[in-house]
Amino acid sequence: MRVTAIGCTALLLLAVAACGGRDGGGDTGGTAASGQCAGQQTTGITDKSIKLGGIYPLSGPASAYGDIPKGIKAYFDYVNAEKNGIGGRKVEFVVRDDGYQPPKAVEEARRLVEQEQVFALFQTLGTPSTSATWDYANQRKVPQIFVATGASKWGTDTTHPWTIGWQPNYISEARVYAAYLKKDKPEAKVAVLYQNDDFGKDLLGGFKRALEGSQVKVVAEQSYEVTDPSVDPQMRNLAESEAEVFLNITTPKFGSQALAADAKNTKWNPLHIVNNVAASITVLKPVGFQNVQGVVSATYYKDPNDPTWADDAEMRLYKDKMRQYAPQADPNVPYHTFGWAVASSFHKAMEAAACPTREGLRDSVRDLKGVQVDMLLPGVTMDTAQGDGFPIESMQLMTFKGERWELFGDVIDTRKEFGPLTG
């Protein structure tokens, strides 16, 4: 899937003038920039185009995430057609399928960098796939921007400056759930299902650390592999714990299975908390909305199914442009909304780059100050700084009622509430 796009901004036009553009200005080779940007990399970017590469599980056990690049595509198509791109540059977005297999992700990253000559890897989805590719991206000094995974290492590691996340990290998300339980169920026993990889272990570890010193206890744990056909055996084992709370740390396929197993077991009725990456309505709907009432999660961007945003300017724009540029995609699928939000975030970061170069983008995403992205919840902004590589660190709790999620409580700035994460 290829996408062209990205809009005109005076800031970038000034940056191009200051940097002297690029020598030759026509191909996607590696001619260095000139002027104040002299010596910096311009592979994949010209005065008129930017080439990005994304890696997603369009097939395999995490294929539900294949909806994300559709939202990205719609955003870039819109900006390309109606805003003349970013800094007058139109984006070509090349998407590869890794099937949620780390070795395949490495293969596709090499293809994007060495054959496609992309300017940056924009969104590599999944903790295992991104872990497999970040050494390569950093060795090649290719920006690996706004990866679609909340692993905490993207923000705490100091040896991979070219890689950065976007969404709230899993430890901070876990802290939000722990704080909620310590307040509302201060003596709860918790059973946990988690994916047996860096993703699952990161969130579970953060949750346990956040519970230290409280009376909330994890009393049962079960893990699963992404190759497992079902998590039913694990769910039966967890039910035997009779825990009052069930923490569901899964990707979409297994999230649906766990929700269904919980609904079927009428003898065990815990408070069900599902992590954000499996909280899409597309995960809950197959289980039956009547079976997921009261499930709790947390979010940071606007839900297209929430009437709260019916008259919101960005939501109306999103739905209109999804219908125009992605007519086969349902705008009410939150993964499409996620894609729109992260594409808009890239737009903002590229606008702020002092140089239209790989180095310029690398530095821009690590110096974001209160950047507003209209698809994020009010009060949620992008902020990074030296020693803080987490663009989004605020979330709000939500509970499922009727046929949609309802927000409750206030937006929680996890930096202020729980302190910064460090390596």
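This is a predicted model: local features need pLDDT of at least 70, side-chain atom pairs count only at pLDDT 80 or more; totals for chains, interfaces and linings use all residues.
Begin by selecting Tyr75, Phe76, Tyr78, Phe93, Phe122, Tyr318, Trp340 and Phe346, which ring pairs link into a cluster. Rings of Phe, Tyr and Trp (its six-membered ring) pair if their centres lie within 6.5 Å. The structure holds 22 aromatic pairs.

Residues are numbered from 1 along each chain as its sequence is written, and side-chain values use heavy atoms, with hydrogens and water left out.

Next, select Phe289 and Phe400. Their ring centres are 5.3 Å apart and their planes stand at 40 degrees, so the pair is tilted; planes under 30 degrees apart count as stacked, over 60 as edge-to-face and the rest as tilted. Phe289 lies in the loop between helix H10 (281-284) and strand E11 (296-299), whereas Phe400 belongs to strand E12 (residues 394-401), 111 residues apart. Helices (H or I, at least four residues) and strands (E, at least two) are DSSP runs, numbered from the N terminus. Phe289 has a relative accessible area of 16% and is therefore buried, and Phe400, at 0%, is buried as well (under 20% relative accessible area; exposed is over 50%, partly exposed in between, with a 1.4 Å probe and protein chains only).

Finally, colour the chain by pLDDT. The average is 92, and 92% of the residues score at least 70. Over residues 1-31 the pLDDT is below 50, yet this stretch has 113 contacts (heavy atoms within 4.5 Å) beyond near neighbours in sequence.

How values were computed. pLDDT is the predictor's confidence in each residue, from 0 to 100.
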